[in-house]
Amino acid sequence: MKQINWYPGHMKKTKELIQANLKLVDVVVELLDARIPMSSRNPQIDEIITNKVRVIVLNKTDLANNAVTKEWVSYFDKQGIKAIEVNSLTGAGLDKLMKELDETVKEKMDARIEKGMKKRPVRAMIVGIPNVGKSSIINRLIGKKSAKTGDKPGVTRGKQWVRLKGKGNVELLDMPGILWPKFEDVQVGIKLAFAGSIKDEILDIETIALRLIEYICEKNPEAMKNRYKLDEIDEDGLTNMDNIAEKRGCIMSGGRIDYARVANIVLDEFRSGKIDRISLESPSDISSDL
Ligand SMILES: Nc1nc2c(ncn2[C@@H]2O[C@H](COP(=O)(O)OP(=O)(O)OP(=O)(O)O)[C@@H](O)[C@H]2O)c(=O)[nH]1
Ligand SMILES: [Mg+2]
């Protein structure tokens, strides 16, 4: 499959925006998609963010496999990075995140007080790939819809400061999503496409859906059988796609299969967790890659 290349001008601007605002914050919250904690890590973030405390949030844990998410938490822990499991739709895990933010700047704040300065709010920047839930976390924390969110990538365009009153005295900086210019590994691009972090408009949606069907049929055949009422899983991915299309009535006049429609159905249902809670990678995949 052709390499996904995606680096529109506003991504470069976002990188500059992050760089320019870094000095204003105490801590960086790096949001990852719990289904793809490795593939949703932007290698550029490591280059940009040096000398800054970082906390990882594994968001959308409701869509990922619980046991695998726990493996990721200990994976990051071993690297000395605190990772916190969050569901920003329900707010689960956010108290823990607030506590952690307080914790990370405690020394700095204590030093301020010692010097006779006033305690000030913790300032945190939220970074991550498009569609990972940055604005949703902020909205959940302030208890109202202040930042625009949406089920497609590229919703937030500029930066936005949000002050959380009563919740640990924190100021958060929402940022647009950022992707990097080139995916070294084609698989990374495909997983980002599965998760909805690359605009569907620039993707070959039918091929992406076929890949996803192949993946889930292999890893979790029962979930596919249940969701699409399939009698059996075929060895051939396209046959499975055809069968799903039939079950869902994605047939055009003349009996031809409407691949665009079935592709959208499967991607939508995966992205909203209707097929199952599916993690697309686990720490053991990485160690076996090495
Ligand atoms: N199931 C689930 N969906 C979530 C969660 N957090 C966010 N979403 C959904 O994911 C989509 C993207 O959320 P946003 O908050 O707009 O994401 P963003 O990172 O700000 O995206 P950009 O501004 O485009 O970079 C929305 O449809 C949210 O409702 C979560 O924890 N679980
Ligand atoms: Mg946003």
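In which helix does alanine 67 lie? Alanine 67 lies in helix α3. Helices here are DSSP runs of H or I with at least four residues, strands are runs of E with at least two, and both are numbered from the N terminus. Alanine 67 has 10 other C-beta atoms within 10 Å, so it is exposed. The cut-offs are these: a residue is buried if 20 or more other C-beta atoms lie within 10 Å of its own, exposed if 12 or fewer, and partly exposed in between, with C-beta atoms placed from the backbone. Alanine 67 and serine 282 are 215 residues apart in sequence, and their C-alpha atoms are 9.7 Å apart in space.

This is a predicted model, in which local features need pLDDT of at least 70 and side-chain atom pairs count only at pLDDT 80 or more, while totals for chains, interfaces and linings use all residues. Residues are numbered from 1 along each chain as its sequence is written, and chains are lettered from A and ligands numbered from 1 in the order in which they are written.

Now take the whole chain. Its secondary structure comes to 12 helices and 6 strands. The radius of gyration is 21 Å, close to the 19 Å that the globule rule gives for 290 residues, so the chain is as compact as a globular protein of that length. This radius is taken over C-alpha atoms, and the rule is 2.2 Å times the number of residues to the power 0.38. The C-alpha trace spans about 80 × 40 × 40 Å along its principal axes. Of the 290 residues, 36% are buried. Take the contacts between residues at least 6 apart in sequence: 68% of them join residues at least 24 apart. Two residues are in contact if their C-beta atoms, placed from the backbone, lie within 7 Å.

Next, the packing of helices. Helix α7 covers residues 186-195, and helix α8 covers residues 205-219. They pack at an angle of about 95°, with their axes 10 Å apart. Axes are lines fitted to C-alpha atoms, for helices over the stretch in contact, and angles run from 0 to 180 degrees between N-to-C directions. That angle makes α7 roughly perpendicular to α8. Angles under 35 degrees count as roughly parallel, over 145 as roughly antiparallel, 65 to 115 as roughly perpendicular and the rest as oblique. On the α7 side, the contact is made by Ile190, Ala193 and Phe194; on the α8 side, by Ile208, Arg211 and Leu212. This contact has 5 nonpolar, no polar and 1 charged residues. Ala, Val, Leu, Ile, Met, Phe, Trp, Tyr, Cys and Pro count as nonpolar, Asp, Glu, Lys and Arg as charged, and the others, Gly among them, as polar.

Helix α8 also packs with helix α10, residues 237-247. Here the angle is about 100° and the axes are 9 Å apart. α8 and α10 are therefore roughly perpendicular to each other. Leu210, Ile213, Glu214 and Cys217 in α8 meet Gly237, Leu238, Asn240 and Met241 in α10. These residues divide into 5 nonpolar, 2 polar and 1 charged.

Back to α7, which holds leucine 192. Leucine 192 counts as buried because it has 26 C-beta neighbours inside 10 Å. Not counting residues up to four places away in sequence, it touches Ser39, Ser40, Ile129, Ser197 and Ile198.

What surrounds the ligand? Around ligand 1 there are 25 residues, and the closest are Gly133, Ser136, Thr149, Thr156 and Gly177. A residue is near a molecule or strand if its C-beta atom, placed from the backbone, lies within 6 Å of it. Helix α6, residues 134-142, gives the most to this shell, with 3 residues. The shell divides into 7 nonpolar, 14 polar and 4 charged residues.

Last, some backbone angles. Most residues other than glycine have a negative phi. Asparagine 131 has a positive phi of about 70° although it is not a glycine. Asparagine 131 sits in the loop between β4 (122-128) and α6. With 26 C-beta neighbours inside 10 Å, asparagine 131 counts as buried. Lysine 60, also not a glycine, has a positive phi near 60°. Lysine 60 is found in the loop between β2 (53-59) and α3 (66-78). Its 28 C-beta neighbours inside 10 Å make lysine 60 count as buried.
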